[in-house]
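Dear colleague,

Please find below the structure for your review. My notes on it follow directly after.

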Amino acid sequence: SGTILGPVSVLDGGSLAPGNAGIGSLTLSNSLTLSGLAVTLMELNRTNAQNADLLVAAAVPFAGTLTVVNVGPALQVGDTFHLFAGAISGTFAATNLPTFGSPSFYWDTSLLASQGIIKVASTTAPVPTISSPSMGGGNFTLQVASSQIGFSYVLQTTPALAPATWTAILTNAGNGGTLNFTNMITPGNLQQFYRINVQ
């Protein structure tokens, strides 16, 4: 933990593990070299204010094996962990990530090589949390909180519920945060029903 001023080389069989007896940060002020048989060991705990070990360096050349260990409670969809900060290059030859109790959960590593971030995602469409529906200025607006990356959130409308014929009018891609939907109300329509369909 703390800061290392000189260059750091992790040789075959060696390991690099930020943190000191728990979640922590390690900053390298000089160069980092990881051998092909080196292990980078990171811990995470979703309940901590800093929820994962963090390695900070001007240049972070991935190599060897990345092993991530969950030392906290069971992970949940949407949990995001920032493991590396700096200019990332290269790839890990092997990546060992924690397993899940649900077969629909998986690790989204799409941001690992660019931003050093891994996320817990799911193949099962989430139930949307709708908030702040309102009318004003000729518009109907609502928000979807905690949207999930990898899913599309579609605002659909119908003039009657029996039978209901839903029409998609707006689509937003899940971004891990809040999505805003605004639809202009057509004068003369006596009623309109809305729903969010997650695909």
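**Aromatic pairs**

Phenylalanine 62 is buried, its relative accessible area being 6%. Here, buried means under 20% relative accessible area, exposed means over 50%, and partly exposed lies in between, using a 1.4 Å probe and protein chains only. The model is predicted: local features need pLDDT of at least 70 and side-chain atom pairs count only at pLDDT 80 or more, whereas totals for chains, interfaces and linings use all residues. Residues are numbered from 1 along each chain as its sequence is written, and side-chain values use heavy atoms, with hydrogens and water left out.

A pair of aromatic rings is described by the distance of the centres and the angle of the planes. Rings of Phe, Tyr and Trp (for Trp, the six-membered ring) pair if their centres lie within 6.5 Å; planes under 30 degrees apart count as stacked, over 60 as edge-to-face and the rest as tilted. By this rule there are seven aromatic pairs. One of these is the stacked pair of phenylalanine 62 and phenylalanine 92, at 4.2 Å centre to centre and 25 degrees between the planes. Phenylalanine 62 belongs to strand S7 and phenylalanine 92 to the loop between strand S10 (84-90) and strand S11 (94-96), so the pair ties together parts that are 30 residues apart in sequence. Strands are DSSP runs (E, at least two residues), numbered from the N terminus. Phenylalanine 92 is also buried, with a relative accessible area of 11%.

The rings of phenylalanine 100 and phenylalanine 105 form an edge-to-face pair, because their centres are 5.8 Å apart and their planes stand at 70 degrees. Phenylalanine 100 is partly exposed at 22% relative accessible area, and phenylalanine 105 is partly exposed at 24%. Ring pairs link Phe81, Phe100, Phe105 and Trp107 into a cluster.

**Charged residues**

How many salt bridges does a search of the whole structure find? The search finds one, where a salt bridge is a side-chain nitrogen of Lys or Arg within 4 Å of a carboxyl oxygen of Asp or Glu. Arginine 46 forms a salt bridge with aspartate 79, and the closest N and O atoms are 2.7 Å apart. Arginine 46 lies in the loop between strand S6 (39-44) and strand S7 (54-62), and aspartate 79 in the loop between strand S8 (65-70) and strand S9 (80-82), so the pair ties together parts that are 33 residues apart in sequence. Arginine 46 is partly exposed at 27% relative accessibility, while aspartate 79 is buried at 10%.

Lysine 119, in strand S13 (residues 117-122), is buried yet has no salt bridge. The nearest side chain of opposite charge is aspartate 108, 5.7 Å away; Lys and Arg count as positive and Asp and Glu as negative, with His and the chain ends not counted. Leaving aside neighbours within four places in sequence, the contacts of lysine 119 (heavy atoms within 4.5 Å) include Asp79, Trp107, Asp108 and Ile149.

**Backbone geometry**

A cis peptide bond joins alanine 162 and proline 163, with omega about -5 degrees. Proline 163 lies in the loop between strand S16 (152-158) and strand S17 (167-173).

Serine 132, in strand S14 (residues 129-136), has a positive phi of about 55 degrees although it is not a glycine. Serine 132 is partly exposed, with a relative accessible area of 45%. Serine 146 likewise has a positive phi, near 50 degrees; this serine lies in the loop between strand S15 (139-145) and S16 and counts as exposed at 64% relative accessibility.

With kind regards

Key
Helix = DSSP H or I, 4+ residues; strand = E, 2+ residues; numbered from the N terminus.
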